[in-house]
Amino acid sequence: MSVKYNKEPVVVIPDCEQEAWQGYEQIGQELARRVAGRTKAVIVIECYPGVRTEEVTRGLGASLPLQAVFEAEEAALSTQELEQRVAPYLTEDRVFGRMAPFQIEDFYDPSLVRQLRERIADIEAGIVLVLGFGASLMAEGDVLVYADLARWEIQLRYRSKEMGNWRADNKDEDVLRKYKRGYFIEWRTADRLKRRLAEEARIDYYLDTNRRNDPRAVTWNAFMFGLSYTAQRPFRLVPYFDPGVWGGYWMQEKLGLPERDHPYAWAFDGVPEENSLYFQYGGIRLESPAVNLVFFQPQALLGERVYTRFGAEFPIRFDFLDTMGGQNLSLQVHPTAEYMQRTFGLSYTQDESYYMLDAMPDAKIYLGLREGVDADRMMAELEEAQRGGAAFAAEDYIHIMPAKKHDHFLIPAGTIHCSGRNAMVLEISATPYIFTFKLWDWGRLGLDGKPRPVHLEHGKCNVARDRTANWVDEQLVNRIERVAEGDGWVEERTGLHESQFIETRRHWFSVPVEHHTEGSVHMLNLVEGDEAIVESPSGAFEPFTVRYAETFIIPAAVGVYTIRPGEPSRGKTLATIRASVRS
């Protein structure tokens, strides 16, 4: 199969070419035009945590005659005060904290804010620049620019030790702890502020700061139009790929990825909270965190029923786990819904499934417990292995079964599981994606040379001891039910389990087939065939091409759509796997 996986999918936004700029010189000239004729002009640049504020100041200062520059953080709580405030939500764990409820005001000293506002007001003439995470607290401003960047880019800056967390002297800290602070505290607070500023109609420009010294900007109206436009048609997220200790070689070979020192383990191409969108405005490509689409177009994207249930949160995730020529994943379990809410403050948990995109003849899945095992003894042996004793003999306790291409294994929360080596897994799951409790990691070190985190205390509270081999085989393995068929097509329900809110359907087709979103966002992957074309029977959107292994999203607002084989797949049978929220 000739795979032409698109690693840089773009949404072309029409009719906004004159509202986009690239580079600090062009952006500075546009801001100067916007405030021309004013005796005094205050430009506020509200920043997502991680924006390179020194670069922004330097870049704009070269084309704007700045009278004064104020950094919002001058009025922030001291590092010590901030640490005390966030400590209850961080915990001592390397990975897990609790979802924090903070607003931006909680990170600032009211008296210092008043003083900074007075200093800004005292300037009588010229252009005043106020920037930082919290800049919008310091002045209403004559122009407000929102400076944004993707979470994957933030993670790369953490890893390179370019930066630590906001107002924390921790550049050299364990990257997992930096990510934890971002995930549970900073990003939640920043997202609340971003949404509030949008609701108050305060933002004038959107600034993409993902690339060093190469910013792109659009008017806020053009940005919002781009989101609205995207929410009415099929689209793909910008994928990213990450190495791991157990990684394989399938993605590198099949998807055309560059060779790495360590093989790729993960691919994320269906996680709006982490992935980006590329918008093309004329000759300028702008990158935005895909979660902005969820925040600002929730009904059109998710559908009213899903939005009512989950709010502005995308509840489905697709990603790849590659162990082809690699190693087993860690033996793991996900928290029950009750445990998730009580311990971490989230309203739903990480139910998931493994769809086998590919597999070698010796591929295996570990799922549930063997019949008749002593679960207490199992936990004792896991604890002993973790203390450095004998390696845990997983085969003595865990139900192990062969896995082949197109098998579908369902993994409701609480089910012990892992993929063995020589498998290529399309993981379909609910979105709270970091809540994996490793029980055994086969005695490995991570790529950072440190033991990978194991969470036996959490894990032993969540392992469902009654999910043994017979139950697993009946309830969780290839629960495939034919629900409809016609000339040249078959529709099958493949899961998920009745305890899970996601439903998956597989469609085999060699002719055009009509689908309907029925009020729920659809997330799909082309799991068989070279190329398929998604079309609107009414011509509501232009034909959209997807290729083998690509994940794509159909917003609820699309309603009716068709999928047909593309030219390279003419005369062949293709297949998609589709996930939606169960009604």
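This is a predicted model: local features need pLDDT of at least 70, side-chain atom pairs count only at pLDDT 80 or more; totals for chains, interfaces and linings use all residues.
Me: How many aromatic pairs does the structure hold, and how is the pair of Tyr 240 and Phe 268 arranged?
Reply: Good one to look at in the viewer: the structure holds 36 aromatic pairs. For Tyr 240 and Phe 268, the ring centres are 5.1 Å apart, with 25 degrees between the planes. Planes under 30 degrees apart count as stacked, so the pair of Tyr 240 and Phe 268 is stacked.

Me: Which strands does that pair link, and how many residues apart are Tyr 240 and Phe 268?
Reply: Tyr 240 is in strand E9 (residues 240–243), while Phe 268 is in strand E10 (residues 264–270). The pair therefore links distant parts of the chain. Tyr 240 and Phe 268 are 28 residues apart.

Me: And is the pair of Trp 246 and Trp 266 stacked or edge-to-face?
Reply: The centres of Trp 246 and Trp 266 lie 4.8 Å apart, and their planes are at 70 degrees. An angle over 60 degrees counts as edge-to-face. The pair of Trp 246 and Trp 266 is thus edge-to-face.

Me: Why is Gln 252 buried, and where is its place?
Reply: The place of Gln 252 is in helix H8. Leaving aside neighbours within four places in sequence, Gln 252 is in contact with Leu 257, Pro 258, Glu 259, Arg 260 and Tyr 264. Gln 252 is buried because its relative accessible area is 18%.

Me: Which ring does the charged end of Arg 285 sit over?
Reply: There are two charge-over-ring placements to look at here. The charged end of Arg 236 sits over the ring of Tyr 5, at 5.1 Å from its centre. The charged end of Arg 285 is 3.8 Å from the centre of its ring, which belongs to Tyr 278.

Me: Which element gives the largest share of the lining of the second largest pocket?
Reply: The second largest pocket has a volume of about 700 Å³, and 30 residues line it. The largest share, four residues, comes from H2.

Me: Which element gives the most to the lining of the largest cavity?
Reply: The largest cavity has a volume of about 40 Å³. Its lining is made up of Leu 82, Val 86, Phe 107, Trp 166, Arg 181, Ile 185 and Glu 186. Helix H3 (79–90) and H6 each give two or more residues. The most, three residues, comes from H6.

Me: How many charged residues are in the lining of the second largest cavity?
Reply: The second largest cavity holds about 30 Å³ of space. Among the residues lining it are Asp 148, Arg 151, Asp 191 and Lys 194. The lining divides into four nonpolar, no polar and, for charged residues, four.

Definitions and conventions:
Residues are numbered from 1 along each chain as its sequence is written. Side-chain values use heavy atoms; hydrogens and water are left out. Rings of Phe, Tyr and Trp (its six-membered ring) pair if their centres lie within 6.5 Å; planes under 30 degrees apart count as stacked, over 60 as edge-to-face and the rest as tilted. A charge sits over a ring if NZ of Lys or CZ of Arg is within 6 Å of the ring centre and within 35 degrees of the ring normal. Buried means under 20% relative accessible area, exposed over 50%, partly exposed in between (1.4 Å probe, protein chains only). Contact means heavy atoms within 4.5 Å. On a 1 Å grid over the protein atoms alone, a cavity is a set of points where a 1.4 Å probe fits but cannot get out, and a pocket is an open set with protein on both sides within 12 Å along at least five of seven lines; lining residues have an atom within 4 Å of a point. Grid points are joined across faces, edges and corners, and a volume is the space filled by probe spheres set on the points. Ala, Val, Leu, Ile, Met, Phe, Trp, Tyr, Cys and Pro count as nonpolar, Asp, Glu, Lys and Arg as charged, and the others, Gly among them, as polar.
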